Amino acid sequence: MASEESRTVDTRTAMSPTERDTSAAVGATETTLEKGPTHTWATRLVVAGIVLSAVNLRPAITSLGALLEEVRDGLGMSGSVAGLLTSVPPLCFAVFGVTAPRLARRFGPAAVVCAGMAAIFTGLLIRPYAGGTAGFLAASALALMGIAVSNVLMPVIVKRWFPDRVGSMTGLYSMVLALGTSLPAAVTVPLTHAMGGNWKPGLAVWAALAAVAVLPWVPLLRAGRERSVPAARPAPASGHAPASARAGEQPPLRITRSRTAWALAVFFGLQATAAYITMGWMPQIFRDAGVSAGTAGLLLAVTMVMGVPLAFVIPRIATRLPHQGPIVLVLGVCGLAGYSGLYLAPADGAWAWALLLGIANCAFPLALTMVGMRARSGPGVAQLSAFAQSTGYLISIPGPLLVGVLYQHSGGWGLPIALMAGLLVPQMAVGFLAGRDRTVEEEAATR
């Protein structure tokens with residue numbers, strides 16, 4: 001941790017006062033806990049918290065995708081409104097994700113993630129029974145708000161607690177996230193049938209996972225409150241100004257000056273566009289091609305479950321390469337092949353297309369890994385994660401909505417699939433740029 005702490009101090013000298021305050025608060029709880037006598041149990045709780053939180057970051061979306069037709073019929077949604085519904089996740093991630101560093105500064109990252117899991121639990125529990133489309137959207141937004149802040153803070157927590165194992169811990173987190181994505185897609189439909197065929201309890205049941213995810217963060221939250229205050233208090237007898245005050249004399253780091261930060265944000269946005277189109281619309285594409293609802297859910301699950309092994313392998317490979325661009329290109333080619341098959345023979349080769357698109361969707365763990373690699377320290381990762389994810393999700397908002405509009409007005413899936421395939425080309429280009437061996441601190445300081 002010594003080298004990591006020294007890199008943090010160096011990076012802080014390039015931050016603005018607001019950014020330094022945010023970074024200090026983000027790291028205060030973990031740094032203090034790491035130095036305390038309870039390091040072992042705290043680390044185990046962090047691992048448990050990361051795993052349980054990761055498994056809750058997608059069920060709100062993929063469980064809905066599996067029952068989208070039933071929800072549309074039950075709430076009387078048109079295709080365009082359903083497209084709006086599938087655009088809500090990236091919208092919430094963009095709007096609420098940018099607030100995560102500020103919330104972490106105020107309350108600590110453990111508290112923010114704990115509150116995020118509680119918000120997911122509440123939103124998932126009440127949204128099927130909220131009454132009407134507006135209530136359904138509002139409850140979904142509450143759950144997605146919890147997902148948004150947790151999305152941003154997971155790479156920060158990994159960087160802080162496991163600076164020498166960013167690749168393996170990001171792989172573990174991404175693997176569990178992929179499992180939490182695929183499981184609801186596979187079992188939501190049969191689970192709904194087992195509960196009488198009503199889609200409402202079929203969606204509400206996933207709130208139980210979020211309730212469990214709150215538990216490991218509670219003792220970390222309490223420990224952080226007890227210890228972070230003394231750690232943050234300066235020692236007046238030393239005669240030295242606090243580090244944040246000394247760092248105020250240095251020129252500020254502005255993340256928007258970094259070309260790599262922008263490339264990573266656009267890459268994140270385009271891969272998120274593909275992911276949310278897939279999660280929201282892929283079962284419907286197969287159902288319209290004559291595939292049963294249960295099989296369509298399984299096909300989505302296959303697409304998502306590909307991320308379980310690959311999300312662990314890809315980050316480990318990426319951290320060993322000086323340039324992650326070749327991985328970006330391989331994933332993009334798999335996506336182009338999958339979309340081509342989905343256009344030409346959606347039912348006949350359904351399992352093959354699901355596998356190929358599942359490989360292409362592993363651009364997400366690669367993007368998370370590059371967030372950890374393109375900044376030198378925890379504070380740098382906090383800034384880059386918030387910028388890349390919030391900007392990226394903002395970019396991704398129109399995609400699922402546009403697919404719904406094209407589907408409704410063209411009467412088929414030809415144009416939507418062509419759009420999905422076309423977006424892969426710029427995704428590969430900016431991903432290649434984001435994979436270059438450089439840091440945002442270097443770029444922002446030299447421009």
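**Close-up views of a predicted model**

**View 1. T192 and its neighbours.** Leaving aside residues up to four places away in sequence, T192 touches L67, G197, N198, W199 and G202; a contact here means heavy atoms within 4.5 Å. T192 belongs to helix α10, which spans residues 166-194. Helices are DSSP runs of H or I with at least four residues, strands are runs of E with at least two, and both are numbered from the N terminus. With 2% relative accessibility, T192 counts as buried. Buried means under 20% relative accessible area, exposed over 50%, and partly exposed in between (1.4 Å probe, protein chains only).

This is a predicted model, in which local features need pLDDT of at least 70 and side-chain atom pairs count only at pLDDT 80 or more, while totals for chains, interfaces and linings use all residues. Residues are numbered from 1 along each chain as its sequence is written, and side-chain values use heavy atoms, leaving out hydrogens and water.

**View 2. Two buried cysteines.** C92 is buried, at 6% relative accessibility. C334 counts as buried too, at 16%. The closest cysteine sulfur to that of C334 is in C362, 9.5 Å away, so a bond is out of reach. A disulfide is a pair of cysteine sulfur atoms within 2.5 Å, and by this rule the count is zero.

**View 3. The chain around these sites.** Step back, and the chain shows 24 helices and zero strands. Its 447 residues are 57% buried. Of the contacts between residues at least 6 apart in sequence, 84% join residues at least 24 apart.
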